[in-house]
Amino acid sequence: MSEQYVYYFGTDKAEGRAEMKELLGGKGANLAEMTNLGIPVPPGFTISTGVCSLYYRSDRTYPDEVRKQVAENLDRLEKEMGKKLGNREDPLLVSVRSGAAISMPGMMDTVLNLGLNSSAVEGIAKNTGNTRFAWDAYRRFIQMYGDVVMGVPHEAFENALNAIKREKGVGADTELNADDLKKVVDSYMSVYERTVDKEFPQDPIEQLWGAIDAVFGSWNNDRALKYRSINKIGDLLGTAVNVQSMVYGNWSDTSGTGVCFSRDPSTGENYFYGEYLMNAQGEDVVAGIRTPEPLSSLESANPEVYKQLVDIKERLEGHYRDMQDMEFTIQEGRLFLLQTRNGKRTGRAAVKVAVDLVNEGMIGRNDAISRITAEQLDQLLHPMISPKAKKNLEPIARGLEASPGAAVGKVVFNAEEAELWASRGEKVVLVRRETSPEDIGGMNVAEGILTSTGGMTSHAAVVARGMGKPCVAGCKDVVIDESTKTFSIGGKIYREGDFITLDGSDGEVYAGTIELEKPSLSGELNELLSWADEIRHKAKRVGIEDGFMVRTNADLPQDARLAVDFGAEGIGLTRTEHMFFEEAKLTSFRSMIIADSLQERVDALKPILKLQIEDFRGIFRVMDGKPVTIRLLDPPLHEFVPHSETEVRELAKELGANVEKLLKRVMELKELNPMLGHRGCRLGITYPEIYDMQVEAIMTAAVAEARMGIDVRPEIMIPLIGSTAELEVLRTNAQKVINRVMDGVDVGIDYLIGTMIEIPRAALTADLIAPHADFYSFGTNDLTQMTFGFSRDDVGTFVPEYIEKKILKFDPFQTLDASGVGQLVEMGVRKGRNVKPTLKAGICGEHGGDPSSIAFCYKAGLNYVSCSPYRVPIARLAAAQAVLNR
Ligand code: PEP
Ligand code: MG
């Protein structure tokens, strides 16, 4: 038997099913399913997505078998309907629509009223008793066919129509009568002939194949290609084509058309939501020519149809066990369903609907968890621009969606101005080429951050995410001129003080102010996340306690507090350097950097010790009973000193230091590749007094808090280890300090000393390092940088183009590169646990908050992921999804 290319759906029986979306597209599969459920659907047939792919493979032609099956199914349809395409007495009219496995709203083509020709139009006029209706349908068909199938410009038809309206002296189409519309048809025919150089096809079979070609052809139009690329839709066979008998909402006053949702798609409330118009076609509703009525008024206008619709809605929702988005048409009091699909919804609605469906006994908790996406949760955690407002807005530039949420504020170009303006009560957006640790203060007071270079793990992006601040990074079109305090985009100038709005969720930048919607954390969200926690807490881990945990990256007590409120179960990374940028510590630290002797350095560190003890105490208190990983100093020292000569001179004055000496020291600290230079444990080896001071601060703080009854669990983490000897030396040093602090102390502290695995060599030699480490934390930011050989700070200059040209499928600083960098993670865990089976392992790179990377981490056997506070709820959900999908 030959392969089946075409699937029929009749009055009560269909050859397809809902599960056949890949082959029949979403629309075709659901039309078949509704038919089998006995829901009134106008009969028709679906040409499979496989034919679309055959069509492209065979140079836009079809195998004979496809033509044969289409002819057979058309014959079956004509018999069932008792009508024939193009017939003068009782013509059949059909619609020809696209429908891929994943819905791509409005991206592909549709042809309605197909089968009309100069004979059929008479038949329609006779059967409806409405000549105007018949000629209106005919002129609409010529226009649609001309436009969609033959590429006749839309305006050519519009001009012809307008000429006739002018002649008649009327403004609206509805004021044209049947005779006028006949003239319109004649005029459209000439437009068609002139442009196409052929007569308008009168043969309905020729029309049908023209429309089928056009729909398959629209699979690869620019709009559809772009939609698939933006939404990362790949690996589909193509679109299906649905040929379906027409029903008319504009047949009479007892006809109508509408769209409805089984629940409110924006709030998720269980309330039958929708709109309809009597005596109208679907396109009238979409085009906004007339204002539709709320569905509730159908109840009084036509209680019978309304009741039937409610009944169908309940059956469909119960059947699909999800909120449905349906299209219906009423023809002369008879209801037909033209489409049903799982409705698109906001994040808020997604969570509410999922939790409600569980509580109503329709789905299980696991289903609810699997249905929510990270993007939907993210919407609930940040202020945003309402999708409605977005429809009417044009962005002035587009960069990377570095940290979600929207921000409105006045443009400022440096951190000091940001702080100054903010202290006056102004809302600001900090616009910089890239930020550095010195900008922290300004970033902290800004509503959002816009940078013109840098990638997803650039300083601006990482810090903004940590702060939960919206950030658009690497916005290449923004050209900053700090000297004039302006930036330009394509020649247009924006000045300091001008308002702009950022959308960090999609990387768009807008001129002026846009009103934002506040985030809302609902009871349903907590309920859903508590189900997720139960699932991941039970997840089996090899040789160690069970549970796939979620920690946070937090540097300050208030960040830790926020993260705990969001459900963090520990701190996976405290970057201590951020504490050094506070004014009081910075001065002492700078004195330490320029000191000549060890003693001078030790003295300069003393005031910092005291302050660091306070920092750590604050964090331990918030994290009572939870592990806290504190990383010893990591960035190169030059990040702590100013760079311009004027600034250095000012600093010399402030420190009472010799200017020449300070300038010389600043020069010495300069490195060509600081990210691969004198940083991390290398500083600990060359300036042991810095790490000693930090270890002393951690343990002293721990003891002080333990004495207050706090359950303290410090985990001291040494960064950037590349060889066993580095860790051996630094662990011994740390141990000495710990022994000193703990000597004679009456409380015991359960502490760990571990390391980051962020240099490929550390992963390769993880079995040699393990004896010296109590835990491993994968620093996948640096590990990605060094495995790819891509500088974290410069990826903004080429990675977007790499992605555009498909050299990279995604940004590896955002989503862990499982096949490359991932091997090092797996190897690190495996080799480490070969030597030490209970070795605790986690991840603290930015990937710890990315759902697909979290799934990878689960498979690699990690005990926890750690991410910025605002990602914690997403990580809780994604971790549970990873466990469910194992
Ligand atoms: C990392 O490298 O992944 C990491 C967490 O450290 P940082 O980003 O501070 O270098
Ligand atoms: Mg690192």
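## A patch of negative charge

Let us start at the surface, where Glu416, Glu419, Glu438, Glu583, Glu647, Glu650 and Glu654 gather in a patch of negative charge. Two elements give two or more residues to this patch, namely α17 (415–423) and α25 (645–655). The largest share, three residues, comes from α25. Glutamate 438 sits in the loop between β17 (428–432) and α18 (440–445), and this residue counts as partly exposed because its relative accessibility is 33%.

Patches are made of residues with over 30% relative accessible area and no salt bridge; like charges are joined within 9 Å, and nonpolar side chains (Val, Leu, Ile, Met, Phe, Trp, Tyr) within 5 Å. Asp and Glu count as negative and Lys and Arg as positive, while His and the chain ends are not counted. A charge is placed at NZ of Lys, CZ of Arg, CG of Asp or CD of Glu. Accessible areas come from the Shrake-Rupley method with a 1.4 Å probe, and for residues only the protein chains shown count as cover. Buried means under 20% relative accessible area, exposed means over 50%, and partly exposed lies in between (1.4 Å probe, protein chains only).

## The model as a whole

This is a predicted model, in which local features need pLDDT of at least 70 and side-chain atom pairs count only at pLDDT 80 or more, while totals for chains, interfaces and linings use all residues. Residues are numbered from 1 along each chain as its sequence is written, chains are lettered from A and ligands numbered from 1 in the order in which they are written, and side-chain values use heavy atoms, leaving out hydrogens and water.

The chain has 36 helices and 33 strands. Both kinds of element are DSSP runs numbered from the N terminus: helices are H or I with at least four residues, and strands are E with at least two. Of the 886 residues in the chain, 58% are buried. Along the principal axes, the C-alpha atoms fill a box of roughly 105 × 60 × 55 Å. Leucine 662 belongs to helix α26 (residues 659–669) and is buried, with a relative accessible area of 2%.

## An open sheet of eight strands

Eight strands form an open sheet with mixed pairing, in the order β14-β24-β23-β16-β17-β18-β19-β15. At its edges are β14 (397–398) and β15 (400–403), each pairing on one side only. Two strands pair if DSSP finds at least two bridges between them. Three bridges join β15 to β19 (residues 471–473) in the antiparallel sense, and leucine 400 has alanine 473 of β19 as its bridge partner.

A salt bridge also ties into this region: glutamate 508 and arginine 398 meet through their side chains at 2.8 Å, N to O. This pair links distant parts of the chain, with glutamate 508 in strand β24 (residues 508–511) and arginine 398 in strand β14, 110 residues apart. Glutamate 508 is buried, at 12% relative accessible area.

## A covered strand

Strand β27 (residues 571–575) is mostly covered, as five of its five residues are buried. This strand pairs in the parallel sense with β26 (residues 549–553) over two bridges, where asparagine 553 is partnered by leucine 573. Three bridges join β27 to the parallel strand β28 (residues 627–631), and here threonine 574 has isoleucine 630 as its bridge partner.

## Salt bridges

The structure holds 60 salt bridges, each being a side-chain nitrogen of Lys or Arg within 4 Å of a carboxyl oxygen of Asp or Glu. One of them joins aspartate 356 to lysine 352, with the closest N and O atoms 2.9 Å apart. These two residues are four apart in helix α13 (residues 347–359), so about one helical turn separates them. Both aspartate 356 and lysine 352 are buried.

Another salt bridge, between aspartate 711 and arginine 713, has its closest N and O atoms 2.9 Å apart. Aspartate 711 is partly exposed, at 32% relative accessible area, and arginine 713 is partly exposed at 37%. Elsewhere, salt bridges that share partners join Glu577, Arg631, Asp634, Arg679, Asp782 and Arg792 into one network.

## Two residues with positive phi

Lysine 485 is not a glycine, yet its phi is positive, near 50°. Lysine 485 lies in the loop between β20 (478–481) and β21 (486–489) and is partly exposed, with 29% relative accessible area. Leucine 720 also has a positive phi, of about 60°, although it is not a glycine. Leucine 720 is found in the loop between β29 (713–718) and α29 (724–742), and is buried with a relative accessible area of 1%.
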